[in-house]
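Here are my notes for a colleague opening this model for the first time. Please keep the structure in view while reading the points.

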Amino acid sequence: MINKIWASFIILGIIYSILTNNVELISTEIIKGAETTLNMITKIFPVMALWLGIMKIAEESNLLKKISKLLSPIMKKIFPEIPENHESISLITTNVVANLFGLGNASTPIGLKTMKSLQELNKNKKEASHSMITFLVLNTTGLTIIPTTILSLNMNAKNPTEIILPCFLASFSATIGGLIIDRILQRKDKKCKTYQI
Amino acid sequence: MQNISNLILPLIVLIIIFYGVKKKVNVYDTFTEGAKESFDMTLKLFPTMLGMILGVNIFVKSGVLNFILNLLTPLLKIIQIPKEIIPLAILRPISGGSGIALLQTIIETYGPENIISKMSSVIQGSTDTTLYIITLYFGSIGIKKTKYALKAGLLADLIGIISAIIITKIMFN
């Protein structure tokens with residue numbers, strides 16, 4: 001899908017600029033894109049380095065593990081279909097904590113491992129289970145305390161950190177709303193199944 | 001409200017360093033070791049961002065985007081949403097890279113203090129790349145029937161984007 005979107009951006013843009021006699025602008029824009037990217041990367045890179053440094057300390061001191069443990073009772077409530085003491089719950093909490101602290105690179109491998117472990121519990125291996133979808137909703141709403149990339153792009157603002165709280169509140173509402181929607185759709189899905197039987 | 005926002009980062013840093021010292025971690029060495037990981041991540045990020053900025057730049061600067069958005073203006077005026085944020089709201093769940101590239105273009109065009117930049121930043125922060133996560137996660141274990149996953153994910157995105165617009169209006173107006 002992204003291949004099609006990317007291609008249509010470029011094709012539509014160039015054709016439109018030819019039709020509106022604006023093609024020199026696009027010609028410089030193509031080259032300038034490279035410079036813009038470098039500028040952007042030089043903004044993101046230091047903030048990311050800083051944050052990964054801080055988070056390494058949280059990892060080494062087992063602070064992240066401790067937070068995961070605190071969250072695990074909540075996760076058990078969110079995932080009622082996972083049996084007691086199954087490894088999925090601890091994988092899910094580790095993934096959520098990694099997302100929460102902006103460790104996107106670390107959270108993806110854990111997320112894939114979680115899916116594998118949820119697949120073991122899944123009765124129909126070709127079809128998504130309820131727990132899997134709930135887990136995906138938790139991931140796609142991307143609840144983060146410190147949005148490092150957005151912060152770095154706002155570095156020239158008068159007060160760059162003022163963006164932290166609104167970002168958190170917005171993704172928190174998305175998470176809560178997403179979980180509620182997930183429950184409603186889950187219930188509908190269960191009803192359909194009973195009719196089939 | 002803004003005071004709380006400014007407190008979050010220092011407070012988290014304080015807690016992490018304090019806890020690290022308490023647990024006898026070599027905090028400074030660990031910090032530099034962690035920071036080193038960013039080299040690799042930045043290198044991987046560069047080609048993705050280069051491609052996305054190329055695409056988004058051509059799309060925005062050629063005027064196609066404005067042409068499409070102008071068709072929507074009457075509707076957006078009624079619900080009082082700036083038209084500039086619409087492309088970001090649509091692209092955010094589809095591609096993380098294009099979301100960041102658009103946000104960068106918006107901040108560069110309007111300046112970081114503009115309400116449109118603030119709103120776009122919060123929209124970008126309100127949710128993650130739903131389509132990518134669903135494809136990657138389900139693909140990795142060979143699930144073909146994703147049932148209501150996409151619906152749930154996209155509806156959650158919609159809630160995130162609407163909340164982002166409301167929250168920005170309350171906090172930055």
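1. A term to begin with: contact means heavy atoms within 4.5 Å. The model is a predicted one.

2. Two packed helices are described by the angle between their axes and the distance between the axes. For H6(A) and H8(B) the angle is about 30°, and the axes are 9 Å apart. Angles under 35 degrees count as roughly parallel, so H6(A) and H8(B) are roughly parallel to each other. Their crossing is right-handed.

3. H6(A) has another partner in chain B. Helix H6 of chain A spans residues 130–140, and so does helix H7 of chain B. These two helices pack at an angle of about 140°, with their axes 10 Å apart. That angle makes H6(A) oblique to H7(B). The crossing of H6(A) and H7(B) is right-handed.

4. Which residues make the contact of H6(A) with H7(B)? From H6(A) come A:Met132, A:Ile133, A:Phe135, A:Leu136, A:Asn139 and A:Thr140. From H7(B) come B:Thr130, B:Ile133, B:Ile134, B:Tyr137 and B:Phe138. By class there are eight nonpolar, three polar and no charged residues.

5. Now the whole interface. The size of an interface is often given as the accessible area lost when the parts come together. Between chain B and chain A, about 8500 Å² is buried. Carbon and sulfur atoms give 76% of that area. In residues, 93 of chain B are in contact with 95 of chain A. B:Ile16, B:Tyr137 and B:Tyr148 supply 9% of the area that chain B buries against chain A, more than any other three residues.

6. Is B:Gln104 buried or exposed? B:Gln104 has a relative accessible area of 3%, so it is buried. It lies in helix H5 (residues 96–110) of chain B. Leaving aside neighbours within four places in sequence, B:Gln104 is in contact with A:Thr36, A:Met40, A:Lys43 and A:Leu153.

7. The other is A:Thr114, in helix H5 (residues 104–121) of chain A. Its relative accessibility is 0%, so A:Thr114 counts as buried. With neighbours within four places in sequence left aside, A:Thr114 is in contact with A:Ser88, A:Leu91, A:Ile92 and A:Phe135.

8. B:Leu158 sits in helix H8 (residues 149–172) of chain B. B:Leu158 counts as partly exposed, because its relative accessibility is 46%. B:Leu158 and B:Ile141 are 17 residues apart along the chain, and their C-alpha atoms are separated by 27 Å.

9. Last, please check two backbone angles. Most residues other than glycine have a negative phi. B:Lys24 is not a glycine, yet has a positive phi of about 60°. B:Lys24 is in the loop between helix H1 (2–22) and helix H2 (27–61) of chain B. At 75% relative accessibility, B:Lys24 counts as exposed.

10. B:Gln80 also has a positive phi, near 55°. The loop that holds B:Gln80 runs between helix H3 (64–79) and helix H4 (86–91) of chain B. B:Gln80 counts as exposed, because its relative accessibility is 57%.

How values were computed:
Residues are numbered from 1 along each chain as its sequence is written. Chains are lettered from A and ligands numbered from 1 in the order in which they are written. This is a predicted model: local features need pLDDT of at least 70, side-chain atom pairs count only at pLDDT 80 or more; totals for chains, interfaces and linings use all residues. Side-chain values use heavy atoms; hydrogens and water are left out. Axes are lines fitted to C-alpha atoms, for helices over the stretch in contact, and angles run from 0 to 180 degrees between N-to-C directions. Helices (H or I, at least four residues) and strands (E, at least two) are DSSP runs, numbered from the N terminus. Angles under 35 degrees count as roughly parallel, over 145 as roughly antiparallel, 65 to 115 as roughly perpendicular and the rest as oblique. A crossing is left-handed if the near helix is turned anticlockwise from the far one by less than a right angle, and right-handed if clockwise. Ala, Val, Leu, Ile, Met, Phe, Trp, Tyr, Cys and Pro count as nonpolar, Asp, Glu, Lys and Arg as charged, and the others, Gly among them, as polar. Buried means under 20% relative accessible area, exposed over 50%, partly exposed in between (1.4 Å probe, protein chains only). Buried area is the accessible area (1.4 Å probe) that two parts lose on being put together, summed over both.
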